Structure formats: structure tokens, C-alpha cells
Amino acid sequence: MTGDGGMIQVALERLPDYLGQHVLLSMTAIVIGTALSLPLAIAISRIAWLRGPALGLASIVQTIPGLALLALFYPLLLALTAFTERVFGFGFRALGFLPAVLALTLYSMLPVLRNTVTALAGSDPAIKTAARGVGMTKWQSLTMVELPLAAPVIMAGLRTSAVWVIGTATLSTPVGQTSLGNYIFTGLQTENWVFVLFGCFAAAALALVVDRLLSLAEDGFALRSRLRLTAAALGLAVVLGASVLPMFGGATRPIVIGTKSFEEQYILGALIGGRLEKAGFKTAHRDGLGSTVIFHALEANDVDVYVDYSGTLWTTQMKRADMPGRKAVLNQLSGWLDKRGVRYAGALGFENAYAFAMRRDRAKALGIETLADLALYAPRLKIGGDFEIFSRPEWDAVVKTYGVHFGVQRQYQANFMYSALVDGDVDVISAFSSDGRIAQYGLKLLSDPKQALPPYDAVLLVSPRHAGDDKFLAALKPLIGAIDLSTMQRANLMVDRADDKRTPEQAAMFLDTRLRR
């Protein structure tokens with residue numbers, strides 16, 4: 001049994017990596033944002049007509065949800081790196097640090113920009129006149145008089161900026177950047193509330209420490225105290241050094257294992273990581289990625305290996321709507337991947353298919369056995385789905401094939417979706433066939449007689465970088481065809497259940513022992 005003490009120990013083991021990445025990301029964004037904001041603020045304080053547009057644009061950035069802004073940079077950078085590779089012969093990583101730091105830099109600018117403009121515009125004209133009267137140039141007046149007087153107000157803006165950035169940086173996990181948000185996203189998906197609280201507390205503590213140090217610097221500028229300024233600078237250096245130095249224990253690039261944002265993916269990611277580490281590889285994880293993001297990241301060698309599902313690739317990446325059968329889908333998928341440089345290592349042995357589930361008593365009362373039956377009652381029912389399903393081709397195929405139109409349509413995180421069904425908040429959910437909670441709650445899976453949905457074999461994909469690496473592939477070979485549906489359901493339930501709850505790593509160990517039988 002894994003108690004809260006065990007969860008805290010696991011969280012502490014991950015803290016050096018998560019904290020170091022979070023601090024490096026946040027500090028980089030704050031430094032770049034400040035370096036851009038100060039000159040821009042000085043310029044617009046001198047050119048009146050620039051003030052409104054510049055502050056308005058910075059304000060608009062703040063209205064964009066942080067997660068959306070972070071996500072938008074990935075496809076933009078992906079297109080840009082494809083262009084630079086084609087024209088100039090070089091590219092760059094479009095996943096992880098770069099999109100995150102660019103988005104956070106934009107987020108950091110408004111407080112510094114606004115406070116600097118306000119402070120400079122509010123400078124006493126008499127002081128400026130006096131500076132000119134003693135022979136100072138405009139530049140000397142700015143650097144020796146106006147900016148020093150404005151420094152406390154500017155620092156107040158920098159404090160606000162730092163707190164915003166450190167908080168928003170927790171949202172960088174879905175774009176592949178490790179941060180303290182890894183605790184929160186993983187915890188929400190696995191209902192590990194110790195992780196959620198640990199991530200929130202760690203981010204809040206970091207923001208508080210940085211804010212206090214910047215407050216000390218603000219006082220130093222206001223009181224002209226070199227001691228306070230030096231103490232603040234040393235404190236920030238200690239925070240940065242203590243957080244970042246543990247990241248540089250080795251120079252070898254680790255194998256990056258990608259996962260999507262649900263329990264099964266975390267378990268399989270841990271299983272893959274364990275196998276590779278036993279073979280002597282150093283590994284790192286990029287958790288909580290979206291289906292499209294993770295595949296493009298694999299193609300671009302930003303991710304080295306992950307598990308996807310044949311139906312997802314068939315509909316989302318290959319843009320196929322026909323259903324030639326399970327074996328044909330796998331064969332054609334393998335050939336399509338090979339043309340793109342991605343290695344199809346094989347199927348793991350189970351399907352995690354999209355399926356529609358109801359409480360057994362509710363389905364029996366309405367006489368619903370199939371999706372065709374469901375279509376008759378759908379206008380009076382409420383359906384819940386994960387964040388992807390209602391925008392996916394599979395959903396369009398179900399709607400087109402069966403003509404289902406529900407009265408209410410809601411979206412949930414995958415783990416909350418099952419609770420919503422059991423509690424009666426919705427009547428139907430888009431379930432996953434390998435989820436252990438189907439058996440736990442005794443749910444009824446509706447059959448798909450017209451085969452609107454494709455097969456969803458779990459398949460192991462390897463990046464072009466390691467497609468020909470025999471040692472790498474040999475470490476993963478024992479996984480191929482070795483996990484049946486019931487075994488995967490048991491592993492998933494170990495993480496899902498509220499009592500005797502296990503971590504994804506412990507569930508992966510269970511799978512690993514089953515592989516040896």
C-alpha cells in the first residue's frame with residue numbers, strides 16, 4: 001500500500017529536476033522580458049503616439065489564457081524550423097523550452113512596461129529642468145537622474161512580473177517543458193492529490209522567495225542602500241544556482257520518453273523508462289502532451305519514443321475515414337510511418353479503444369445496447385467526454401453514422417469523467433476500453449454494429465534518431481505483444497482507485513513482472 005508518506009518521497013525525488021527546470025525557464029523569461037520592456041518603455045515615454053498601441057498590445061497578450069498562448073507557439077515554431085531546415089539547412093527544437101520561454105516572455109512584459117512608463121511620465125519636471133541646467137544631456141538625465149528615481153516603481157512592476165511568470169510556468173508541461181506543473185498535471189490525471197498540493201506549494205514558495213528578494217532590491221533602490229541591493233542579488237544567485245546546478249550532472253542527452261495526459265500513458269512511459277535504464281540509457285520524460293503535438297515531436301526528434309494508438313494515428317495523422325480492418329490498419333500504418341522516418345516497433349498486445357459507456361442500470365432501464373439504440377434517446381441525454389473527443393474525426397464518424405445528437409455535451413479531465421457518470425451528472429461518457437474503472441464501476445459498453453470507430457491497438461513508436469539503434473530497439477523488444485487487455489486494465493486500476501492507490505511507477509513495475517512470465 002502506498003500512503004501519503006510514500007507519495008511525498010516520490011515527489012521529493014523529482015523535485016531537483018522539476019524545480020531546476022522551472023527556475024531556469026522562469027528566470028530566462030523574466031530576464032528577456034525585462035530586457036525588452038525597459039528600452040521599449042523608454043522609447044514610448046519619449047514618443048507619445050507609441051504609448052497607447054504598445055501598452056494596448058501588451059495588455060491584449062495578458063487576456064490570452066496562459067495555456068493557449070503556450071500551445072500556440074509550438075505549431076508556429078514547428079513551421080519555422082521546417083522553413084529554416086529547407087532554406088538554410090538547420091533547424092531547432094520546437095517542443096519544450098523554446099515555446100515556453102517565448103510565451104512567458106510575452107507574459108512578463110506588461111507590468112515592467114507599464115510601471116516604467118508611469119514612473120518616467122511622472123517624473124518631476126523641475127528635476128529634469130535642473131538636470132539640463134547643470135549641463136546634462138538627455139541621455140545623462142535619463143540614466144543618472146530619471147531612471148534612478150523611477151527604479152523603485154520599476155522594481156514593483158518586476159515583482160508582479162516575476163510572480164505571474166513563476167505561476168504561469170506551471171502550465172508549460174503540455175508543450176513538453178518540465179516544470180513544477182508536472183506535479184499538478186500528473187496529480188490531476190491520476191487523482192494523486194499529494195502531487196497536486198506539492199506542486200502548488202512548491203510553485204507558491206518559489207514565487208514568494210523571489211518576490212521577497214525583489215522587494216529587498218526595491219527597498220535598496222528607494223533607500224539608496226548598496227547593502228540591500230547586494231543581498232538581493234546574492235539571494236537571487238543562490239536560488240538560481242541551488243535550483244539549476246543539479247541539472248548539470250551529465251552531458252549526455254537523455255532519451256526523451258513522451259506521454260499523453262492520462263494514467264495509462266504515464267504507466268507505459270514509466271515501463272519504457274525502466275527498460276531503457278536497465279539497458280544503460282539515461283532517460284527523461286515529457287508528460288501530458290496532446291495527440292498531435294506528441295506525434296510531431298517524435299518526427300522532429302524532440303521525443304524519442306512513446307506509445308500511441310492505431311486508430312488515433314489512422315484518423316488524426318493519416319486522415320483516413322475508411323475502416324479496412326484491424327490487421328490492414330496496422331500494416332498500412334507501419335508503411336506510412338516508415339515513409340516519415342518513424343520506426344513502428346510493434347503493437348503491445350492490447351487495444352485502448354474509444355467506446356461509449358453508461359451505468360448498467362441506466363442502460364437497462366432505457367433498453368440501450370448499441371450506439372444505434374443510443375441515437376434514439378440522445379436528445380434527452382447528457383454526454384461527457386475528454387478534452388479531445390468532440391473535436392476528433394472519430395466523433396464526427398459516430399455522429400454521421402448513427403445520427404446521435406445529445407441534449408447536453410460536457411468535457412472533463414479523463415479521471416473526473418467516470419465520476420460524473422457514476423454520480424449521474426451525465427448519462428453517457430466516451431470511455432476507454434483498457435480503463436480499469438469500467439469493471440470497477442460495472443459500466444455498460446455500447447456496441448458499435450456499424451463499425452464507425454477504428455481499432456485502437458497500442459503501438460510503440462520510435463523517433464528517426466533511434467530508428468536504426470539496435471541496442472535501443474532490443475531494450476524495448478520484450479514489450480511487443482506482451483501486454484494483454486486484462487493486465488493493462490489491472491495496472492490502470494492500481495493508479496485509478498482511491499484506496500490502496502499506487503503510483504504509475506509502481507504500476508509499471510507490476511507490468512514488468514508480468515512481462516517476465
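Me: How do you know that the largest pocket holds about 1,400 Å³ of space?
Reply: In this predicted model, about 1,400 Å³ of space lies in the largest pocket.

Me: What makes Asp17 a lining residue of the largest pocket?
Reply: Lining residues have an atom within 4 Å of a point. The lining has 50 residues, and Asp17, Thr283, Ala284, His285 and Arg286 are the closest to the pocket centre. Asp17 is in the lining, so it has an atom within that 4 Å cut-off.

Me: Which elements give two or more residues to this lining?
Reply: They are helix 1 (4-46), helix 7 (181-190), helix 10 (263-278), strand 2 (283-286) and helix 21 (504-515). Helix 10 gives the most, with nine residues.

Me: Why is strand 2 called a strand?
Reply: Strand 2 spans 283-286. A strand is a DSSP run of E with at least two residues, so strand 2 qualifies.

Me: How does the lining of the largest pocket divide by class?
Reply: There are 19 nonpolar, 16 polar and 15 charged residues.

Me: What is the volume of the second largest pocket, and which residues are the closest to its centre?
Reply: The volume is about 860 Å³. Of 34 lining residues, Ser261, Leu289, Gly290, Ser291 and Glu388 are the closest to the centre.

Key:
Residues numbered from 1 in each chain as written. Predicted model: local features only at pLDDT ≥ 70, side-chain atom pairs only at ≥ 80, totals over all residues. Heavy atoms only, no water. 1 Å grid on protein atoms, 1.4 Å probe; cavity = no way out; pocket = protein on both sides within 12 Å on 5 of 7 lines; lining within 4 Å. Points joined across faces, edges and corners; volume = space filled by probe spheres on them. Helix = DSSP H or I, 4+ residues; strand = E, 2+ residues; numbered from the N terminus. Nonpolar A, V, L, I, M, F, W, Y, C, P; charged D, E, K, R; others polar.
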